[in-house]
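Hi,

Here is the structure I said I would pass on.

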Amino acid sequence: MSSEVLRQWDVSEWTVLGAEQTGTSESRWLEEPGTRYRWLHKDTVIPQNGVEQGEDWSEVVSTQVAMALGVPCATTRMCVRHGRRGSISLDVVARGYSLYPGATALELAAAPGYFPHREGEPGCDPARPTVRRPGHTPTNIKSALEGVEAPPGFEGPESLTGFDVFCGYLMLDALIANRDRHEENWAVLIPLLRSDPPRLSPSYDHASSLGYNEQDSREGTAHRNRAGSGSGPNGARRGDSNMLAGRRVWWHTRSQRSPSVRARGQTGGVRACVTWISSRCSAPSGTGRSCRCRTRRLRLLMTC
């Protein structure tokens, strides 16, 4: 595991290029000094209970899991900006392309039953008013990705289409318990030259994964469930999907790696990242509880 992946970058002096218009959390585009690289920056969230959440480490650990599994994804790093923890994600738009979010792709495909979601104005199907994100279904997504090829630089089988690779994104989501694969969190890269095919964008925005917002009381529940004290299968209790899915991540990456992953020397890479992050307990004042919670959670994932 490269030490560069584990470094917390100080981006306080990076130039702000502008705000990101989509998403529910405040984010901004920064330019890396001395380069023309654009990174999307997001602060971690501190909810009303005052306990800082772990969107920074969950983003980076999820990226390493994706890379180990060969899933195309954005490069991410943990960072600090003006004393505040956060993460940065390298722009996934390849040179010569523009990006259409999934919402746009679904609208252009006239996906049946799809009602666009706007911030402050959730899409609503009058016939099914309780359904969230109506029409954002695998069938409609497959239709929207008709003719779309795999992401640029994809190293998997050439026969895989953009939708085939998107299914890999869903499998990654299941492994890391990503709760945020809405239609703004996948996209199509549209070529500026018509001679080139449209391509699926690499996966991005995995911060809402791996129980990033779990607290001490939930950690105790997870530990008890390991001993079979829960009410569901294998001692699991309803609501513990983040923890249990996280456990499957480490079992999968430790026990079912493909020969190609072993050949690239990536075995143990995710574990090394988790080991390092679990040792980081020097948080700013007032966030000690969050650090203790994060450390126990990551050690739990490592020992499954």
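Cysteine 167 is partly exposed at 29%, while cysteine 73 counts as buried with 17%. As for disulfides (a pair of cysteine sulfur atoms within 2.5 Å), the structure has zero.

Keep in mind that this is a predicted model, where local features need pLDDT of at least 70, side-chain atom pairs count only at pLDDT 80 or more, and totals for chains, interfaces and linings use all residues. Residues are numbered from 1 along each chain as its sequence is written, and side-chain values use heavy atoms, leaving out hydrogens and water.

Now the rings. Phe, Tyr and Trp rings (for Trp, the six-membered one) pair if their centres lie within 6.5 Å; planes under 30 degrees apart are stacked, over 60 edge-to-face, and the rest tilted. That rule gives six aromatic pairs. One of them is phenylalanine 163 with phenylalanine 166, stacked at 6.4 Å centre to centre with 20° between the planes. Both sit in helix H5 (residues 162-176), three residues apart, or about one turn of the helix; helices here are DSSP runs (H or I, at least four residues), numbered from the N terminus. Phenylalanine 166 is buried at 1%, and phenylalanine 163 is buried too, at 15%. Ring pairs also link Phe163, Phe166, Tyr169 and Trp186 into a cluster.

Cheers

How values were computed. Buried < 20%, exposed > 50% of the residue type's maximum accessible area, 1.4 Å probe, protein only. Helix = DSSP H or I, 4+ residues; strand = E, 2+ residues; numbered from the N terminus.
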